[in-house]
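Please look at the sequence and the model below. The paragraphs that follow walk through a few of its residues and the contacts between them.

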Amino acid sequence: MPGKVALLLTLVTAGVVGAGYLLSADNHTDFSWFSKVVDSAETAPVQSAGLARQSSTDPSAEPEPPPDNALGFMLASVADQYAETTRYPPWSIPLSPEQANAYGGNHYEPVSLPLEGDGQFTVTLEKYRFTAGEQILVAAAIRGSQVVGRSLSATLERPESRDAIAGTTLEEAGSPGYFEGVLSADESPGEYRLIVEARLDGKPVRHVSTLAIEPYLGEFEGLGDARIQGNNLIIPVRFSPEDSGYYALSAQLFVGQRPVAQLQMEKRLDSTSNTINLKAHGTVLADQTVDGQLQLKNLQIRQLPARPGDRTNYAFGPDEGYAFTPPDLGSLTDTPAVNPESEQRAALLRQLADKF
C-alpha cells in the first residue's frame with residue numbers, strides 16, 4: 001500500500017508540473033500538431049462552396065487529437081526537462097543575463113510610500129546588509145505638492161520589542177526635497193526596522209523599511225592561480241575567517257560582460273585553511289569564446305549555523321569583483337555531469353511515461 005501511495009503522489013506531481021509546462025509561454029513546440037492542422041486547413045484549396053459546407057458539418061472530416069496519452073506525454077516532457085537540468089552539477093549552473101540582473105547581491109531596493117496628489121516618499125540605502133561598526137547612510141526624497149519640514153528623523157528599532165536603539169536627523173542636502181543623515185551600525189547581528197519620519201503639511205508621516213546588521217566574518221584576500229582539473233576550471237578564492245566554521249561561498253562567473261555561470265561551494269575554514277575552490281564545469285565553459293580575462297562578481301559568503309536555530313551570517317566580496325587570466329580551456333568538454341541518483345530519477349520518470 002505505501003508503494004501505491006508513493007506512486008500516486010508521483011503521478012499527480014508529475015502531471016501538475018507537466019501541465020504547467022504545456023501551458024507555459026516557453027513551450028513553443030508541444031502543440032505543433034495543432035499548428036500543423038491549422039496550417040493545412042488554411043492552405044488547402046477549396047474546390048467549391050458546397051464542398052466547404054459539407055466538410056464543416058461532417059464529423060469524420062474534423063481533425064482528431066494526437067493518439068498519444070496526455071499523461072504519458074506530460075511525464076515524458078517532465079523527464080526531458082529533468083534530464084536537461086541534471087546535466088549540470090549543482091555547484092556550477094548556467095546563468096542568463098536576466099538571472100544575473102535579477103541577482104543584486106547586497107542590494108537594497110528603495111521603498112516608496114505613495115502620497116496624495118501622485119507624490120512619493122522614498123528612502124534609499126547603499127546596501128541592505130551592513131557589517132557591525134559601519135556607518136549607515138540614509139537618504140530620503142519627497143516628491144509632490146506637500147509642504148515639507150526642514151528636517152526628517154531616522155530611527156533604528158528592534159522589530160520584536162520596537163525599542164529604539166539609534167537615531168539621527170536627516171538634513172536637506174543638495175536639492176529641495178532630498179535629505180541625508182548617518183546612523184551607526186554598532187548593534188548585535190539581526191534584522192532591524194528603519195523608521196524615517198517627516199512632517200508633511202504639518203502632519204507626521206512615517207516611512208518603514210528594513211535592514212540587517214552582520215557580524216564581522218573576515219576578509220577576502222583575492223584569488224589563487226586558476227587551473228584545470230578533470231572537466232572543471234578550479235578558481236581558488238582566499239577568505240581569512242574571523243572564526244572557524246563551515247562557510248558557503250557563491251559567485252557569478254563572467255566572460256567579459258557576459259554572465260555564464262553561478263558557482264557555489266561549501267567548506268570548513270580555520271586558521272590553517274583559508275581557501276575555497278570554486279569549480280566551473282565544462283558544461284558551462286566548453287562552448288565559450290574567451291579572449292583575455294574572466295571575472296568573478298557578486299561574491300557572497302555565508303557562515304553556516306553551528307547549531308539548528310542559529311542565525312546564518314553574511315559577508316560580501318569587493319564591489320568590483322576579481323578579474324583573472326584562465327589557463328587554456330581547450331580540454332573542457334560539454335559532457336554532462338555524472339549523478340547516479342539524478343539518472344535513476346530520470347529513468348523512473350521515463351518508465352512511468354512508458355506505462356501510459
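Arg311 counts as partly exposed because its relative accessibility is 29%, which lies between the 20% limit for buried and the 50% limit for exposed. The model is a predicted one. Arg311 sits in the loop between S17 and strand S18 (313-316).

Which residue meets the side chain of Arg311 in a salt bridge of 2.8 Å, N to O? The partner is Glu214. This pair links distant parts of the chain, since Glu214 belongs to strand S10 (residues 203-214) and is 97 residues apart from Arg311. Glu214 has a relative accessibility of 1%, so it counts as buried.

Arg311 also forms a salt bridge with Glu191, with an N to O distance of 3.7 Å. Here the two residues are 120 residues apart, and Glu191 is in strand S9. Glu191 is partly exposed, because its relative accessible area is 36%.

The side chain of Arg193 meets that of Glu157 in a salt bridge of 3.2 Å, N to O. How many salt bridges does the model contain by the rule used here? The count comes to 9.

Arg311 leads on to another residue, Gln303, since Arg311 is among the residues that Gln303 touches. Gln303 is found in strand S17, which covers residues 294-303. With 14% relative accessibility, Gln303 counts as buried, because the limit for that class is under 20%. Leaving aside residues up to four places away in sequence, Gln303 touches Leu217, Asp243, Tyr246, Tyr247, Arg311, Thr312 and Asn313. One of these, Tyr247, is also joined to Gln303 by a polar contact of 3.3 Å between the side chains.

The last stop is Pro90. It is placed in the loop between helix H4 (70-85) and strand S1 (92-94). Pro90 counts as exposed because its relative accessibility is 57%, and the limit for that class is over 50%. Along the chain, Pro90 and Leu263 are 173 residues apart, yet their C-alpha atoms are separated by 8.5 Å.

Notes
Residues are numbered from 1 along each chain as its sequence is written. This is a predicted model: local features need pLDDT of at least 70, side-chain atom pairs count only at pLDDT 80 or more; totals for chains, interfaces and linings use all residues. Side-chain values use heavy atoms; hydrogens and water are left out. Helices (H or I, at least four residues) and strands (E, at least two) are DSSP runs, numbered from the N terminus. Buried means under 20% relative accessible area, exposed over 50%, partly exposed in between (1.4 Å probe, protein chains only). A polar contact is a pair of N or O atoms within 3.5 Å; within protein, one must be able to donate a hydrogen and the other to accept it, and residues adjacent in sequence count only if both atoms are side-chain atoms. Contact means heavy atoms within 4.5 Å. A salt bridge is a side-chain nitrogen of Lys or Arg within 4 Å of a carboxyl oxygen of Asp or Glu.
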